[in-house]
Every structure is written in C-alpha cells, then in structure tokens.
Amino acid sequence: MPEYKWPPMNKRKIMGQRLSRLDGPVKSAGRAKYPSDLNPQGLLQAAMLTAPYAHAKIKSIDTAAAKALPGVTAIRLFDKVAPGFEVQWAGQELALVSATSEEVARDAIRAIKIDWEILPHVVKDENLAKVGTRAKAAGEKVTGDPDKAYGEADVKLDSEYGIPVITHCCLEPHGQVIAWKGGDQIDYWPSTQAVSTVAGQLASLIGVPAGNINVTCDYMGGGFGSKFPPDPWGAESARLSKESGGRPVKFFLDRATELTIAGIRPSHFAKIKIGAKKDGTITSWMSDSWSSGGAGGGPATPIPYVFANIPNARINHASVSLNSGPQRAWRAPNHPQASFLTCSALTDLAAKLSMDPLALFMKNANLTLREATYTDQLKKAAELIDWKNKYHAPGEGKGSIRRGVGIGVATWGGGGHASKCKVILHPDGTVEVELGSQDLGTGNRTCISMVAAESLGLPMSAIKVKIGKNSYPASGPSGGSTTIGGVSTSTRKASLNALEKLFEKVAPALGTTADQLEAVDSRIQVKGNPNKAMSWKQAAQKMGPSPIEEMGENVPAQAAREGLNTLGAAGVQMAEVEVDTETGIVKMRKMVAVQDCGLVVNPKTAESQVFGACIMSICSALYEERVIDQVTGRVLNPDMEFYKLAGLPDIGEIVVHMDIQEVHDKRGVIGLGEPCAIGGTAAIANAVFNALGVRVPMVPVTADRVLNALGNKRYA
Amino acid sequence: MSSNNDSEKDKQAQSGFSRRSWLGGVGTGAVGVGVLAPEADAQAAPKVMSGEVEISLDINGKKRSVKVEPRTTLLDALRNRMDMTGAKRVCDRGTCGACTVSVNGKIVYGCTMLAVDAVGKNIQTIEGLAPEGQLHPVSAAFVNNDAQQCGYCTPGFVMAAKGFLDKHPNPTYEQVEKGLAGNICRCGTYVGVRKAVLEAAKNYKGGSNA
C-alpha cells in the first residue's frame, strides 16, 4: 500500500501555491451553465402558488380555470393540499403549474381559486413574554454552583442581547430542471450542494429507483447550507414532467419565495449573567436563551462560546415555534449567534471591570480548548488592526464621529466527509479524476486538481477533474466545511493507488521494482535519480490498451489515524468601525481575520472564502434582518431592496491572515467555509460598543438602534 | 424610440447606483421612479397588446427574431426565449445587477426593461464581450483576482465593470466602489472585484471594444 501522507510543506510543488480557480474563465465569460440556465429541447416552465396567510385552513380549492388556460400542461397540488388542510406559514407550497411559457404558468397560478378560514398566528419572537405557549423549555444544564459563584463575584454583568432571523438569499434560487422520461428514467439538474445524495432523497419522494435518476450540477449559484434536499417543488416538478409526456420542466423559486421559505438562520436572544474576579477571571455564567427557526422551534446555541469551560454555569434554553418559513443550515449553524452573544457579554464584562476586552479574552483563554492557539491568534489580530493604538475606553472620544474596535472568536470542526474518488490513467497519458462532488464556489474543483497533480507529479493542465454527476463515485454533501478534507483525502489516495499500478507496469523497463519509483515533473523515475527515468507519456504507453482505474476513499472514522484530514479550526476576527452619533450610521473601516485551517491546499481560494465570510458578517452585523409583520403574518422584505446586503462601498478594508505554519499544516486538511463566517458579527457589534460606550443590544446595528441606544432606551 | 424613452432608461440605470447612496443615508426619489415605472407599464400593456408578438432585437451586432409577450422583460427574452443565459435573474426588481446588459452603450438592468422597448437598440450581453474560448480583459481581471466564488453575480459585475470603465478609464479606488455599487454579491467577492476593476483599467482601454 502506498504511503498516503502529504509531502512535507517545503517539498510541495502545487499544493500551497496561489492558483486561480479553474472554472474562473468560463464563469467570468458568462458561459458557465448553471441549472437555472438550462433550456433543453421541449422545455416547459413552472410557477408555484404559495399560501398568502401565516396560519389558515383551506375551505375550498378550484383549479379548473387554471387548467383551461391555453399552454398549461399540468397542475399539481402539493402533498395534503386539499379542503381542511392548514398552512403553518405564509409562503407554504400549495400548487405547481407547468406551461409552455413562464408567463402562462404565472397566469395559471393567478387563476387558482382558494377560499380560506384564517386562523391566529404568531410570527415574532424578540419578546419572550408575548409568544405564550409557543415557547417550550428545552432543558437545563448546570455545572458547579453558579448561584453561589455569581453571588460571590467581585463584578457582575447582567445583560441581554439579540440577533434576528436572516435568510440565505442564494443568488441562484432553489430549483431544478427535471425530465421524467419513458421507462421511469429521470434527468435531474438541481442547483444543489449534494450531488451524490439528492437523487436518493428524490427517489423516496417520487417512488422511482434511485439508480434511474441522473443528477448533473456543474455549477451552482450559492447554497450556504440551504441546498441539500430535493425539496417538495423538485418532486412536484418531476411529476409535472411525467404528466406532460416527459417534457423537461424548469422551476426555480422567484425572489420573494426564495427569501420567505427557502431557508433561514434562526434568531437567538439571551439574558446573560457573568460573575468575575477583580482581575478578570471569569467564575460563573448563567444564560436564559430562546430562539426560533419557524414552525419547528429553535435550536440551542453553544454558549458560553469558545470560553466553554467556565467552572460554574447554568444554561437554559426555550425553543419558540412560529408561523414562519422553516430554518435550514446556515453557514456554521448556531455558531455566529453563539459568538455574538458570548463575545458581546464578555466585552460588556470587560467594561464593568474597566479592563481592555483584549486583556479579558487573553486572561480567560484557559477556558478554551486551544489556549495557545487563541492566545496567538488574539495577538496576531490585535497587531493587524493596531489594537494598541486604536483601542480606547468605551465611548471615549470627541466629536460626532466616533471610532471603536471589537473582537469576535470562532471554533469549528471541519473534518472530512465520506468521499470516494476514481483516478483514471489513460494509455495516451491523459488523466481523469472523478468524484460525485460539487463546487459551490469554494474552489473545490481546483483543489481536487491540485491534489491530483501534486500526487501524480503532473502539471494541473494534465488533469481533467470531473465532478457534478451522481454517476461518479459518491462524495458527501458540501456541508459543515467537510468537503475539502474529504475530497483531498480520497483524491490523494486514488492518485497514489493508480500511480502504484503504473509503477508496476514500468518498473521492468527501468530495471527496478515498483517501490523504488517516484513520479516527478511529468516523469517516472528511480527515486532521486532523474537519469533513470521515462516521460509520463512513455510510461503510460507501457500500460497496454486498458486504462488504469483506481479508487481512493476517505472514511471519516479512520481519518484522524491517517492524518490526511483532521478537525478543529480556530479563528479570531477584529473590526474597526466609525459611528456617526448624529445619524446613527455605522461604517466599516477595517476588519481583520486570523484563521487556522490546517494544511491549506490553495491559499488564493481559501483567502477568498475568508474575505467572503467577513463580508457576510458585515451584512449580518449592519444590514441583514428578515422583517416579519405580526398583523399580516407576512415577511415584509422578501426582496433585495429592503432585505439589505452590503455592497462594494460598505465593506472597508479587509485583511485576511491565513495562519499557515508547520504546526497547523501537520494537522492535515481542515474545512474552512464555516469557521471564518462566525466571529465577524460579534467583532463589529463590539466595535460599535467601543465607539459609543453604549451597548446596542441587537444586530443588525442599524441607525435607529444606534440612536435608541444613545437615547438610553432599551430597543429590540 | 423617442429620446424621452432613453432618458427614462437612464433613470432606471441609475436606480441601482442611487440605492447604495441611499443606504448611506441620502435621498430615495430616484429608486421609486426607476423600479415602479416598468411594472406600471406592464400592467397597462395588455389593454393595447396581448399574446406573443414577433420582434427583432439587435444583440451583439446580430439581428435576431424572437417571439415575446408585451410583458416579457429583456432579461426573460434573453434567458427563456433566446438561450442567452449569461445575464442572470436574481432579484428581478432592478436592485442586484446580476442581469446587467448594455443598451446603446449604457448599462441597464435587463429585468427592468421590456423586450419590446429594446427594439431598434444596440444590445450587448456578456456573450458579446469576447468570442467563446477567449476572455475580455475585464473578465480576465476577475479571474486573476479571484473576484468570484459561486459566480452567479459575476457576468453582471463584468458587464457593469466594463460599462464603468468605458466612462472612467482611469478610476480611483473610491470611484470603483461607487461605480460598482449597483451590483450585489452574496458570496462576498467585493475585495477581489475592487482589485479586478483597478487591474482591468490598466489592461483595457475604455470604449475601444464597446
């Protein structure tokens, strides 16, 4: 068996280089075909009717007029939609119509008549006292004696914070093109994060064998955790195709529906008490939190976050169910909220202690699982943002424009998912690498190519990476930052397994044995001896007419032992903001992110992910909030005008420091997507506190919240 | 087409630009005009015109016939009826810029213009920037600076950047930020976009390839 371990850092020729993404040219030329871009022969377009009420019962439903419209090919009601059915949130799926054009499909939707009995709803959760029976206690966790420790504390913090629901707002909406052809063969082009698993889920929804479903997703326009399942509209689109004689049906959510039902990040609110000694040592934590992610309630979040080993703690959580669109995983599920709640409270505690929060975070680094790493990262981030000169006592400063700095911290797992890879060495010297994986824009395709090229001693141009189809060997869904660890490991193993077979074929011609050979610079040579060598092409000719096909696999349970990928990523982010105390407007000046993620395959695309995560944090700290109306039960901003995301002028300077050093590199490959998307919101909120000397208890820190906080009003 | 129509389109083209200033706390007037006017047109249109009509559009220097309904936007005509899918449908309300195309040399959101209003005008889409397999200097700068992740906003950004550079061949950093403020990216590629546009300014003489 080959030695799979990664080549030492200083011996790598391709991994670790700053390389442009392979699919960059086709994307930036506008020629990459996303699922929503596909227009196969005979295509029908679909439109969806959704519930106009947050909680209501269907009295009657009439689709006759819609069916009669010229151009309509089929109408499907969603599961259970019939007289007597109760919808639980506005936007819930009711009917899907296919037609010869999108315009006609929309006309048909408008022609469906439904009579409703409207029922009472609850859609807002910031005030726990107002949600009544919708709140369910979700358990208590006690460590040590929190009441005694808090009672005896020198300094006590008693405060409250909130972070609202935000949406995924994928630019390519959820949806698919699908054709249910004769013989129950299905061609399926979903915008998905789960090329290898989505067919199995669809199969169980529509009752055809999973093996009959051919999934293709070459590119996809953003998922952020919300694009794993086939979704009810995927199944109904398939049935529309079947009922329309097998013609392909395209259905993608419109923007309003995308922002209403295609995924949200749960809210989180908490009342937090912290006790500490005069020197800043934290002795106790008590929190009462609540959250909602729609009808299914809201998850607890891991607080106290990162500083988890506080000796005395009591943690209570209530799950609130609301009549609103359901939650889906959102980049680092529950961690950004936990980081915001914890780091806000720690920063406010520092103020009570008249202590620099950086000193408080450092002082208590022993409460984290990786004291040395966080201490180093806090120091590095402080250096990059010039904390020494920028930090001042909260609110200290003159004039109407105030500046401040703040800290947020992060932790994540990021171990590799199950992944299989097939490497094919062809007798003509060409190489193909196949995985049922997907590139969400992370650079996955490029990283796979880099690992294969490094392992085979070939240039990137010699490798053809084939992903995006479920006919390739199964690779896990891209969630939880598990992809890079999984695919890099399976690709490494498959490449070396294939190479070993090639060595066996060429060893006799080089007068040696397979175990004495290596692949370097497009040559197969006796280890360390370029004079006893043959070119890759010559070597390939020795394999005979059949290609060499070898598999490689990442088995998560074995990964830690093998060391190609592990888990545990730490990060620290700091922000500097400028707040106009007259208008309440917050502007980003600078943000720094210090991030470790083990061995970094491609620093260029890795940095891009961290830049992106910082910008997402700016969005969530300053702009993003799903606004929902208790009177009508509807989302008021399901668009991109009033559901605000940062634009180019809103982000300030961003500095990313990938913590690339041997001590981290030796840990193997670790996922990056989530950990960098956690600490930024807290950092920005804390920077605002430092600027103003007044806590704005809820993000996004909008102008009205700033002015209310300055007016010393509690505002949620 | 009358010059009045052209000035109306100018307002629409500026609405995304204005939005960012408005987020920063300035006025809102132009936004309302730009976004609402086409919707009002679409609602009124069936009284005088209905069903599909065949029109001829001048796209990337070629005349192309296409059947559209009066309510069909230029964007939907391109994507659904002509298989030109570089321009993306994202917000569909003139906010995000993913559908950016050039009409008579001006940057326009394809979702805010009706296809029938584009008759007789020179339309350029991302597909017309460079032959297949080649890269326009602006696209190349996006690749070099990794100014894209999922890439769904990228064609719109490239078109907006090209239109911006046509008017500002030697932009400052601040001009780039303001000039590209009418496009939104969810993955957060703005750091790369800023660098890409500045790099493209060096390699692309604005207007020469318009």
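Reply: This is a predicted model, and the labels are taken up below.

Me: What makes α13(A) largely enclosed by the rest of the structure?

Reply: A residue counts as buried if 20 or more other C-beta atoms lie within 10 Å of its own. In α13(A), 19 of the 24 residues are buried, so the helix is largely enclosed.

Me: How do you know that the reach of α13(A) is close to the expected one?

Reply: The expected span is 1.5 Å times one less than the number of residues. Helix α13 of chain A, residues 483–506, has 24 residues, and 34 Å is expected. From first C-alpha to last, α13(A) reaches 34 Å.

Me: Why are β19(A) and β25(A) said to pair?

Reply: Pairing needs at least two bridges between the strands. β19(A) and β25(A) have 7, in the antiparallel sense, so they pair.

Me: What joins β19(A) to β20(A)?

Reply: There are 4 bridges between these antiparallel strands. Leu425(A) stands opposite Val431(A) in β20(A). The two strands form a hairpin with 5 residues between them. In the turn, Gly429(A) has a positive phi of about 95 degrees.

Me: Which residues make up the side of chain A that touches chain B, by class?

Reply: Contact means C-beta atoms within 7 Å. By that test, 51 residues of chain A are in contact with 51 residues of chain B. α16(A) gives the most to that side of chain A, with 9 residues. The side divides into 22 nonpolar, 15 polar and 14 charged residues.

Key:
Residues are numbered from 1 along each chain as its sequence is written. Chains are lettered from A and ligands numbered from 1 in the order in which they are written. This is a predicted model: local features need pLDDT of at least 70, side-chain atom pairs count only at pLDDT 80 or more; totals for chains, interfaces and linings use all residues. A residue is buried if 20 or more other C-beta atoms lie within 10 Å of its own, exposed if 12 or fewer, and partly exposed in between; C-beta atoms are placed from the backbone. Two residues are in contact if their C-beta atoms, placed from the backbone, lie within 7 Å. Ala, Val, Leu, Ile, Met, Phe, Trp, Tyr, Cys and Pro count as nonpolar, Asp, Glu, Lys and Arg as charged, and the others, Gly among them, as polar.
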